[in-house]
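Colleague: I am new to this structure. Please take me through one part of it closely, and then show me a few single residues elsewhere.

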Amino acid sequence: MNISFLEMRIENFKNHHVLTVNFNDMTKIEGKNGAGKSSIGDAVTYVLYGTDALGTKLDPRPVGCDDKVETKVELLLKVDEQQILLGRIQKKTAKYYVNEVPEKATRFNEIVEGLFDKTLFLSLFNPTYFFTQHWQDQRKQLLSYVSEPLNKEVLAELPSVSQSQLEPQLKKHSLDDLEKLHRDRFKNQDKALERASERVVTLKEQVSNNDYNINEHELKEKIDVLSKELVEYENRNINVHQQSRERSRLELRSESLKGEIQRQKDILTAIKTETLDEHCATCGQALDEKSIAKVKQQRQARYNTEADKGIKLVQELKDVNEKLNELPEPVEENPAEASHLVKIYSELNNLRDQLGDINRTKELLESIATAEENQHSIRKERNESLVLIDAIKSFRTKRSELMVHKIDSLFTTISVRLYEQLKNGEERATFEIEKGGKPYSKLSTAEKIKAGLELIEVLSKQSEVVTPTFVDNAESILNFTKPSGQIIVARVVDKELEIIGVSLKEEAINE
């Protein structure tokens, strides 16, 4: 896209009452300080965006004028082969015109935005505008026209080990995602390794507290011998124990039956001696003989029932006593044998505890082997992630070097710093234009203008957009290289304001 200015008409704009500027390949603006040279550059950006040449909102009215004064700026420009007349009028409110047709502000802005990007235009028009942006915006703008080196280009510059590690991974993940993945994995595995190491130490401490030098085979043989002896004793005494338990059961039942039989006797005596009530329990009238006979029958029935219960209890007691008489006399326990039995139980418990310690020690040793294997596996995964993170650092560094080289190759006298190295070896994005080893902020006015013009030429070539360039304070430089597009040069000269259009073909301007 080639943008050029043809004519600009100004009324009541800052220093100018009425002014017409006819632009040529080179337009010289000369005059004293305060003559309105810079205002001509501001008028261009005002009609387009309502700002000065640095992109700052602008009050266009001449100093000391009231709201009744109407400011008007019209700019005839050519975008490739298309001519377009843009106008902006400001009184109390703003009015907008496109090819003399009134337009609303929204539509006017859409038309201007459709012609060219605002930030790019201001960067190409004013050599100092680019540097007034935040460094992140400067960096973003320049890099938007320069593609990053391809992964394969960066990998080709890395050692073969890093290549083999990164190449297959970069087919599955972006570099940023790959770094996040392995940083997270390293963090988790590092914590897991710490826990696994503590687990190994704890298990080894537990093993050191156990006596696992006992002969397990001898221990099991002793347990078998004592267990057989215990079984033989229990087999010998099983009948005695059963008889003893049976005697105890029968004796308890005999005593219980005696008590139940006595209770039945008491019940029968109570029934036999109870007084017969010959009156009705409900109305209190005397019962007739028939009713009295019925009451007596009921009492006899109760007596017979309880008597039958007593007979059954007496018979059961007889059977229990007969069984007791049939049992052999109880055998008294041999004190020596009982003492020996206690000794066997004690020794068996002790031997089984020792065997349990041995088994627990075996389990601990197995757990240690498993824990150490887990520790080794975690350490391996952790180290693999660490190695990959280092490879990513190398990749970023190399990509940065290639990117810086790619950017620097676009320039002649200036260089660009895109990254800075941190203390931990990682890099951080930054941006600074340098000329002769000095940062832009330390350059003289002339050096800043030259750096800006060189940057404009690079931006113009990379974006394939050519616009006019307005060089203010040109008296501070003796010579500079003419940009690709039109150039408007404002210079302080001890005379009244003069605008001169010059047609030039040469690329350099020598003053």
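Modeller: The crossing of helices α8 and α12 is left-handed. Keep in mind that this is a predicted model. Helix α8 covers residues 175–208, and helix α12 covers residues 335–408. Their axes lie 7 Å apart. The packing angle is about 155°. An angle over 145 degrees counts as roughly antiparallel, so α8 and α12 are roughly antiparallel to each other. Now look at what lines the contact of α8 with α12. Its residues divide into 19 nonpolar, nine polar and 14 charged.

Next, helix α11. This helix takes in residues 289–326, and E306 is found in it. E306 has a relative accessible area of 16%. Buried means under 20%, so E306 is buried. What does the side chain of E306 meet? It makes a polar contact with the side chain of Q264, at 2.9 Å. Setting aside neighbours within four places in sequence, E306 is in contact with Q264, I267, L268 and I271.

With neighbours within four places in sequence left out, E457 is in contact with P483 and S484. E457 and F411 are 46 residues apart in sequence. From C-alpha to C-alpha, they are 9.0 Å apart in space.

S463 lies in helix α13 as well. Is S463 buried or exposed? Its relative accessible area is 16%, so S463 is buried. Leaving out neighbours within four places in sequence, S463 is in contact with L120 and Y145. For a distance across the model, take S463 and V342. They are 121 residues apart along the chain. Their C-alpha atoms are separated by 102 Å.

Last, go to helix α1. It runs over residues 37–49, and D42 has its place in it. The relative accessibility of D42 is 11%, so D42 counts as buried. Which residues does D42 contact, leaving aside neighbours within four places in sequence? They are F13, K14, T51, D52, A53 and L58.

Finish at D42 in α1.

Definitions and conventions: Residues are numbered from 1 along each chain as its sequence is written. This is a predicted model: local features need pLDDT of at least 70, side-chain atom pairs count only at pLDDT 80 or more; totals for chains, interfaces and linings use all residues. Side-chain values use heavy atoms; hydrogens and water are left out. Helices (H or I, at least four residues) and strands (E, at least two) are DSSP runs, numbered from the N terminus. Buried means under 20% relative accessible area, exposed over 50%, partly exposed in between (1.4 Å probe, protein chains only). A polar contact is a pair of N or O atoms within 3.5 Å; within protein, one must be able to donate a hydrogen and the other to accept it, and residues adjacent in sequence count only if both atoms are side-chain atoms. Contact means heavy atoms within 4.5 Å. Axes are lines fitted to C-alpha atoms, for helices over the stretch in contact, and angles run from 0 to 180 degrees between N-to-C directions. Angles under 35 degrees count as roughly parallel, over 145 as roughly antiparallel, 65 to 115 as roughly perpendicular and the rest as oblique. A crossing is left-handed if the near helix is turned anticlockwise from the far one by less than a right angle, and right-handed if clockwise. Ala, Val, Leu, Ile, Met, Phe, Trp, Tyr, Cys and Pro count as nonpolar, Asp, Glu, Lys and Arg as charged, and the others, Gly among them, as polar.
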